[in-house]
Amino acid sequence: MTMIFISFEGPEGSGKSSVLAKLKERFSNEGIEITTTREPGGSIISEQIRKIILNETNTLMDAWTEVLLYIAARRQHLVEKIFPEKNSKKIIICDRFSDSTLAYQGYGRKLDIKKINTIQDIAFDNFKPNLTILFNVKPEIGLQRIKERSKSEQNRLDNEDLSFHQLVYQGYQEIAKNNQDRIKVIDASKSFEQVLTETYQIIKQFITK
């Protein structure tokens, strides 16, 4: 058995981060250790880039600058934290990965999808998750959840208008349709416990097959 790398994806307010925290606890209680990380971030340098990307004052950021910063943060994260574990038996779950860049910057910012795919393939040595779970929730529901958070938990992308988030949502649908062998879709509008249970079942089945 080599490393299993799983990514969690979804639009804003999908609840994936909260599910991830509870999921780690649940697996730990069964004696299964899960390493969790996030993007952008996951390493010291990547976390510094994250602060630049998500800072609410950086409203003049060019769309391609945004893409390249995400890719730079991800490359650093991979080199420091993920690639060294390739031959280990670790199970690593990452809160967001390369599909986020396609959904948010490719579809949301209306940039060239093929170019983003090419750059990401080069930067990440064609590395992709073994399994991706898409927490699917319509932007109207997700954004309402965001509004209920404290202001300190909100970031620059949360402040984009509804039309941007609708494009991101549509992008995720397209990405999932094109990667059905890797991406499993969960209805994240259900109750937290239902989403948690369904996520647990998918991952448990995947890691024990």
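**Getting to know the packing in this model**

Helices H3 and H5 pass each other in a right-handed crossing (right-handed if the near helix is turned clockwise from the far one by less than a right angle, left-handed if anticlockwise). The model is predicted, so local features need pLDDT of at least 70 and side-chain atom pairs count only at pLDDT 80 or more, while totals for chains, interfaces and linings use all residues. Residues are numbered from 1 along each chain as its sequence is written, and side-chain values use heavy atoms, with hydrogens and water left out. Helices (H or I, at least four residues) and strands (E, at least two) are DSSP runs, numbered from the N terminus.

**H3 with H5**

- H3 and H5 pack at an angle of about 25°, and their axes are 10 Å apart (axes are lines fitted to C-alpha atoms, for helices over the stretch in contact, and angles run from 0 to 180 degrees between N-to-C directions).
- H3 is therefore roughly parallel to H5 (angles under 35 degrees count as roughly parallel, over 145 as roughly antiparallel, 65 to 115 as roughly perpendicular and the rest as oblique).
- On the H3 side, the contact uses Trp 64, Val 67, Ile 71, Arg 74 and Arg 75, and on the H5 side Lys 115, Ile 116, Ile 119, Gln 120 and Ala 123 (contact means heavy atoms within 4.5 Å).
- By class, these contact residues of H3 and H5 are 6 nonpolar, 1 polar and 3 charged (Ala, Val, Leu, Ile, Met, Phe, Trp, Tyr, Cys and Pro count as nonpolar, Asp, Glu, Lys and Arg as charged, and the others, Gly among them, as polar).
- Ala 63 belongs to H3, which covers residues 63–82.
- Leaving aside residues up to four places away in sequence, Ala 63 touches Arg 109 and Leu 111.

**H4 with H5**

- H4 (residues 98–108) packs with H5 (residues 113–123) at an angle of about 150°, with 10 Å between their axes.
- The two helices H4 and H5 are therefore roughly antiparallel, and their crossing is right-handed.
- H4 brings Ser 98, Thr 101, Leu 102, Gln 105, Gly 106 and Tyr 107 to this contact, while H5 brings Ile 113, Ile 116, Asn 117 and Gln 120.
- The contact of H4 with H5 holds 4 nonpolar and 6 polar residues, but no charged ones.

**H1 with H8**

- H1 and H8 have axes 10 Å apart and pack at an angle of about 55°, which makes H1 oblique to H8.
- The crossing of H1 and H8 is right-handed.
- From H1, Ser 18, Val 19, Lys 22, Leu 23, Arg 26 and Phe 27 take part; their counterparts in H8 are Phe 192, Val 195, Leu 196, Thr 197, Thr 199, Tyr 200, Ile 203, Lys 204 and Ile 207.
- Sorted by class, the H1 and H8 contact has 9 nonpolar, 3 polar and 3 charged residues.

**Aromatic pairs**

- The whole structure holds 9 aromatic pairs (rings of Phe, Tyr and Trp, its six-membered ring, pair if their centres lie within 6.5 Å; planes under 30 degrees apart count as stacked, over 60 as edge-to-face and the rest as tilted).
- One of them joins Phe 27 and Tyr 200, whose ring centres are 5.1 Å apart with planes at 35°, so the pair is tilted.
- Because Phe 27 lies in H1 (residues 16–29) and Tyr 200 in H8 (residues 192–208), the pair ties together parts that are 173 residues apart in sequence.

**The sheet**

- Five strands form an open sheet in the order E2-E3-E1-E4-E5, with parallel pairing (two strands pair if DSSP finds at least two bridges between them).
- E2 (34–38) and E5 (183–187) are the edge strands, each with a single partner, so one side of each has no neighbour in the sheet.
- From one strand to the next, the twist averages 20°.
- E1 (residues 4–9) and E3 (residues 91–95) run parallel and are joined by 5 bridges; Ile 4 has Ile 91 as its bridge partner in E3.
- H7 (residues 162–178) packs on the sheet and touches E1, E4 (131–136) and E5, its direction making about 145° with that of E4.

**Backbone details**

- Most residues other than glycine have a negative phi, and most peptide bonds are trans.
- Glu 39 and Pro 40 are joined by a cis peptide bond, with omega about -10°; Pro 40 sits in the loop between E2 and H2 (44–54).
- Lys 110, a residue other than glycine, has a positive phi near 60°, and Lys 110 lies in the loop between H4 and H5.
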